[in-house]
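Me: I am new to this structure and would like to know what the labels used for it rest on. Please take them one at a time.

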Amino acid sequence: SALYVFPPGFVESSCRSRIFWMKLNKLWLQGKFFQLEIYDPYSGPVLLDEKLASRCGYVLSEDVWGNPVFRASVLGCHVANEADELFSLTVNIKVSSFSSMRAAVTYTYPMYCSYPSWASREIVCEENYMEVSVKTDVPAVSHDYTVAWMSALPETQNVAYQQWQLMFVSPSGRKRITVSEAVKLGYSFNNTLSRVYLRAPYHSNESDVSVVSGVNMNMVTSTSMYRQRWLLLLIDTTLSCPVDGISFTNMTLTWTVPSVIPTLVVQESTFLSKNIVMGVDDQVIVNPKEKNYLLEHNETHIRITIPVGAEGGKLESSISGGVYGVTYSIGLFLEHTWTDAGWQTTKYTVIKSITTPFMPQIPTVINNTVPEERLFNVALGHFLPDVSLVAIAIGNVPFTPREAQRHGFKIYETLFSNRTKGFILEVSFDDPYVLKDYVNRNETKYTLLVNYTLSVGPEMTLYYHSAEVECVVADMELPDAVGYCDEENLYLTLPTFGLHQYWDLYLGNKLLNRHLALTNGYLAVTNSTHLILQIPLFAGGVIYEEVSFQKIKARFDVALKKVRTMETLQMFSISCSFNSSAFISKLCNGSINKKMCDSFLELPTNSLTFSVCHPDGTVMISAQMKTVPAIDMSKTKLRDSSCKPTEYNEGHAFFKFHVTTCGTSVRFEGDHIIYENEISYEKETLPRESIPTITRDPDYRLTVLCYYQAKETLVLGAFASDPATSPPFGSGMMVPHSNTAAYRRARQVLNVVSRVSKDESFMEFYEPNMAILKRPMEPVFLEVELKDESSSVELYLENCWVTRSPDFSSTPRWNITVDGQVVLNVQCTH
């Protein structure tokens, strides 16, 4: 491939502590592949790989910013050495758009290093190798023999003539090998003009691990031996480098290195620390305190403490198990120079790249909402700069940031004091995607449901975070209702604001809707601001507090309830008195609607009688009679002689009773149910002195009829009941029983049949004792039939309920009807 001059800014290099240091700019390598070759002027280029790197004193890695970094010892392979003072190394950088490296562009980059001030012994602890170099003019044998030397002396007799040999001492014993044999084991040994060096991999077979001041040290105990005629040269080339010593907290990382390493110091009593220097990447930190670093040392330890996030390192966002967190990375080096009796000077250099474990940083939602502004202001933080907002969902409706801005949301970033950032979202209370719930008596709870989608870290991993923010504002006023009456009706007027949105009107337990109003004969009129409800005097739901010949005192009650909880907030009552005679006159002259007049019977000539049949089964009868001679109206009665008039005078009698009492009978004609009773007078019989019997009163008998639609259907609004007694959510099982059931009453056994219809036609029915699966809100069609033909018997559906088992007495039970009133939306026929 052709050679090119490297582009400006592509390569940076330095020579730091006898190490070549080269960094490539990752921006030039985006989307491309690269290789490094070490160029040897005699043998040509040699491709750099991991095996070559550790044996030859090379390191290829990345700095914390992701830029490729290459380091090489000045004593490494293929380095040109001039008098152990000037060193040069040429590197070929091959760049290609293909992983096969075809059509690669090759940049040749020479590096130079001047290092004249060697210490007597220099040790380098790199990431992938350990290296020791020793001056050859040091005393060959010391009077204070080390363990290594004492072990080596017996072996010197066998040292080959004019050939370097190595002897390793390990727990497994002693091993003496030649330099070529050492190379095969991953070691590198050589000598220069004035020095001998040994390079060893970590954790070789000849190494051992020992603990020094709490730090694990990888140690290679070796002696280099050379013999030539009368010269026997023994050099201690022992190595010891830390392999751990890193500890973390949520706030700091700490790197600890022993101050004194026994295998490297002959006499600890003579040890003297001369200088300690720390650095980041290839730069010496002259004053660590300025960068909030802490460098401290004592007789046993050298300790460097770095705050997480400190300058020189890199905080990086990442996702682990769906959790957001950060890691912090920094490249450090430490140089410790000391003297002792065995050596003039030792320079000990350790290079360490440190990355903290994953540290979860659960994002927080900061609610800065000011209720008076009616605007949600929500900040999500804290994030590093490598996090960006991709999408946002409000109430499960997704928006891109641009779509959100167009909709009217405001989204922007904010910076915090610790150099992190957050995302601020502003949403109006009145936005349609904000949930609104009426709470308490006059407050609205606004709820903002947010789902954030974020892109995290250099790998742009998607991260999701949800938040729910609530704000309760006293911004609701309960409506004030106004009631009044005319000669025939009661009226209720109230504002429509909030009606059906926050609260509903209920008549008893029935939702007051259009259908209920129409069924009961109410007239509901709505304009832009108010609802006006007209209730005829004899309409359903009217309560009669007092009824007499002179007046009718009637009341109508409506409850204002919360839409969701059905909590009663307020009761509206209208109470008025009506002139009985005037009202009856109008009623009987047809001024009231025909449906109301259907319940009135007018007798000719000498009597005027009216009856009012209420939807709840209450019957009121006013009988006026002019007879000759006059009768005592107090002695009138219904079929049940115990049912006397509640009020009477010389010409009138007033009765009030329920259709199920006072001997009232019932029959069916077409689509009507007819209830019938009779007003009669108990004649006074004179003492029987002669035959025939003599009475002093005229005959008086009056039949009263009430007509009801037999198949009217009443549809109610659904409402939430007490959760403790609510049916289980999901599906339910319904088991109809045998199609014949005996219900015992006094003096009589009735034949009752109950069935479940498949649909509203009541033409096809389920088999008895068969489980029927029904989903929530799906109607159930029940039929109960009384098969007795006696005219004195009637069927009244009093209580109907649902249980979880066929046992009638099982609990819990959920009522369909109570006292004949429907409480669940189930259609019944009987």
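Me: Why is Tyr464 called exposed?
Reply: In this predicted model, Tyr464 has a relative accessible area of 55%. Exposed means over 50%, so Tyr464 is called exposed.

Me: What makes strand β12 mostly covered?
Reply: Strand β12 covers residues 130–135, and five of its six residues are buried. Buried means under 20% relative accessible area, so five of the six residues of β12 are under that value.

Me: How do you know that β11 and β12 pair?
Reply: Five bridges join strand β11 (residues 121–125) to β12. Pairing needs at least two bridges, so β11 and β12 count as paired. The two strands run antiparallel, and a hairpin joins β11 to β12 through four residues. Cys125 has Met130 in β12 as its bridge partner.

Me: Which strand pairs with β12 over six bridges?
Reply: That is strand β16 (residues 195–200), in the antiparallel sense. Glu131 stands opposite Arg199 in β16.

Me: Why are β2 and β6 said to stand at the edges?
Reply: They belong to an open sheet of four strands in the order β2-β3-β7-β6, with antiparallel pairing. β2 (11–15) and β6 (58–62) each have a single partner strand, so one side of each is left without a neighbour in the sheet. Neighbouring strands of this sheet are turned by 15 degrees against each other on average, direction ignored.

Me: How many bridges are there between β6 and β7?
Reply: β6 and strand β7 (residues 68–73) pair over five bridges, in the antiparallel sense. Tyr58 stands opposite Ala72 in β7.

Me: What makes β40 and β44 edge strands?
Reply: The order β40-β41-β45-β44 describes an open sheet of four strands with antiparallel pairing. In this sheet β40 (482–485) and β44 (523–526) each pair on one side only.

Me: How do you know that β41 and β45 pair?
Reply: Seven bridges link strand β41 (residues 489–495) with strand β45 (residues 530–536) in the antiparallel sense. The cut-off is at least two bridges, so β41 and β45 count as paired. Thr493 stands opposite Ile532 in β45.

Note on methods
Residues numbered from 1 in each chain as written. Predicted model: local features only at pLDDT ≥ 70, side-chain atom pairs only at ≥ 80, totals over all residues. Heavy atoms only, no water. Buried < 20%, exposed > 50% of the residue type's maximum accessible area, 1.4 Å probe, protein only. Axes fitted to C-alpha atoms, helices over the stretch in contact; angles between N-to-C directions.
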